[in-house]
Amino acid sequence: MNLTQIIELILAQAKTKGFGTKPEDINVAEKMVLIHSEISEAYEAYRHKNIDGPGGFNEELADIIIRTLHLAGILKIDIEKEILNKIKTNNDRNWPWDKMNEKHS
Ligand SMILES: [Mg+2]
């Protein structure tokens with residue numbers, strides 16, 4: 001199953017659950033905040049060592065992706081193309097690690 005097919009599943013579920021399937025159904029900013037809320041939920045689950053239980057880190061990572069694909073599907077963004085283009089862009093990108101306060105290997 002590819003991302004386009006997963007988006008179709010997400011949109012079908014969104015239709016039955018009333019989460020919106022068209023731009024006029026949603027508030028984009030609200031959907032973005034909901035993606036961010038899933039990031040916070042993932043952090044809290046990780047912080048409390050709930051990795052693969054209900055509401056655990058693994059499930060919350062899935063929520064982040066589901067909400068992101070839902071928004072991409074509503075806005076008809078070719079997210080597979082965007083992801084592949086961004087990976088290609090990152091291949092040629094260098095990060096100034098010596099000026100960043102972030103772990104890297
Ligand atoms: Mg969640």
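Modeller: Before we start, helices here are DSSP runs of H or I with at least four residues, strands are runs of E with at least two, and both are numbered from the N terminus.

Colleague: Fine, so how many helices and strands does the chain have?

Modeller: The chain has four helices and zero strands, and along the sequence the pattern reads α-α-α-α. This is a predicted model, in which local features need pLDDT of at least 70 and side-chain atom pairs count only at pLDDT 80 or more, while totals for chains, interfaces and linings use all residues. Residues are numbered from 1 along each chain as its sequence is written.

Colleague: Is the chain compact or spread out?

Modeller: It is more spread out than a compact globule, because its radius of gyration (over C-alpha atoms) is 16 Å, well over the 13 Å that the globule rule, 2.2 Å times the number of residues to the power 0.38, gives for 105 residues. The C-alpha atoms fill a box of roughly 50 × 35 × 30 Å along the principal axes.

Colleague: Switching topic, how do α1 and α3 pack?

Modeller: Helix α1 (residues 3-17) and helix α3 (residues 57-74) pack at about 90° with axes 9 Å apart, the axes being lines fitted to C-alpha atoms over the stretch in contact, with angles from 0 to 180 degrees between N-to-C directions. That makes α1 roughly perpendicular to α3, a label that covers 65 to 115 degrees.

Colleague: And which residues make the contact?

Modeller: With contact meaning C-beta atoms, placed from the backbone, within 7 Å, α1 contributes Leu3, Ile6, Ile7, Ile10, Leu11 and Ala14, and α3 contributes Ile66, Leu69, His70, Ala72 and Gly73.

Note on methods
Angles under 35 degrees count as roughly parallel, over 145 as roughly antiparallel, 65 to 115 as roughly perpendicular and the rest as oblique. Two residues are in contact if their C-beta atoms, placed from the backbone, lie within 7 Å.
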